[in-house]
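Work through the exercises below with the model open. Each task is followed by a solution in steps.

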Amino acid sequence: MILVWLSLILFLPGVSAQQISSGRRCIEPGKGQFLILVGSSGLFSMFGHDHTIEAKEIAGCAEVDGGDLTRSSVELTFPANKITVLDPKDSASDRAKVQEQMDTDVLRIQEFPSIRFRSTGVRRTQGRENAIMVDGQLTIRDRTQTVAIPVEIGSAGDGSTRVRGEYSLRQTAFGITPVRVAGGAVRVKDEVKVRFELYLR
């Protein structure tokens, strides 16, 4: 899930296009976090609970065109088998059950081993100077949808660039049927929230 943040390095506050050098910039491994927040709904949803899931080992780079930023591009890959259920309040056995259901029923990682994002454009947004909208194509389970992701960027103080954002998507848009238990009395919500902080260098 998720996505386009690598191209954000092109829009650091106070930096003009002439000051940005062309080249390749990539995600720093082992830094930041990419969370997927899944809520529950239904008649007895109070007996279920929300799930916190983390996508790890995201890989990807941006090709930056300093002369014309609109010609820059980014591609990201999310290994499906590195998307992990956290749920610290659950027992290890409960987490394992949720993980198995996600791997086999939701993501079907054996058939669809990766989630991919390819940017198609970047737009300025109204408001703060360091806020932009990145458009792109997100592919989950071989079904591709157009997404627009609001992001904020800034210097991390160590030479890298911090990229933050939050957005929502619907599982059914990618052919995923939200999980139901207890005959449908408890089910996860179709809409899930994605929250991320990534670092680029």
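This is a predicted model: local features need pLDDT of at least 70, side-chain atom pairs count only at pLDDT 80 or more; totals for chains, interfaces and linings use all residues.

Residues are numbered from 1 along each chain as its sequence is written, and side-chain values use heavy atoms, with hydrogens and water left out.

**Exercise 1.** Compare the span of helix H1 with the expected span.

Solution. Helices (H or I, at least four residues) and strands (E, at least two) are DSSP runs, numbered from the N terminus. H1 covers residues 92–106, which is 15 residues. After the helix comes Arg 108, with a positive phi near 50 degrees.

**Exercise 2.** Find which residues of H1 are buried and what they pack against.

Solution. Buried means under 20% relative accessible area, exposed over 50%, and partly exposed in between (1.4 Å probe, protein chains only). Gln 99, Met 102, Asp 103 and Val 106 are the buried residues of H1. Seen down the helix axis, they fall within an arc of 125 degrees, so they line one face of H1; the arc is that of the directions from the axis to the C-beta atoms. This buried set packs against strand E4 (51–55) and strand E7 (83–85). On the other side of H1, Lys 97 and Glu 100 are exposed.

**Exercise 3.** Locate the partners of the salt bridge between Asp 135 and Arg 123, and state how accessible each one is.

Solution. A salt bridge is a side-chain nitrogen of Lys or Arg within 4 Å of a carboxyl oxygen of Asp or Glu. The closest N and O atoms of Asp 135 and Arg 123 are 2.8 Å apart. Asp 135 is in strand E9 and Arg 123 in strand E8, 12 residues apart. Asp 135 counts as buried at 16% relative accessibility, whereas Arg 123 is partly exposed at 41%.

**Exercise 4.** Describe how Arg 195 and Glu 166 are joined.

Solution. Their salt bridge has its closest N and O atoms 2.9 Å apart. Arg 195 lies in strand E14 (residues 191–200) and Glu 166 in strand E11 (residues 161–170), so the pair ties together parts 29 residues apart in sequence. Arg 195 is partly exposed at 38%, and Glu 166 is partly exposed at 37%.

**Exercise 5.** How many salt bridges does the structure hold, and which residues are linked in a network of them?

Solution. The structure holds 12 salt bridges. Glu 28, Lys 31, Asp 158 and Arg 201 form a network.

Key. The expected span of a helix is 1.5 Å times one less than its number of residues. Contact means heavy atoms within 4.5 Å.
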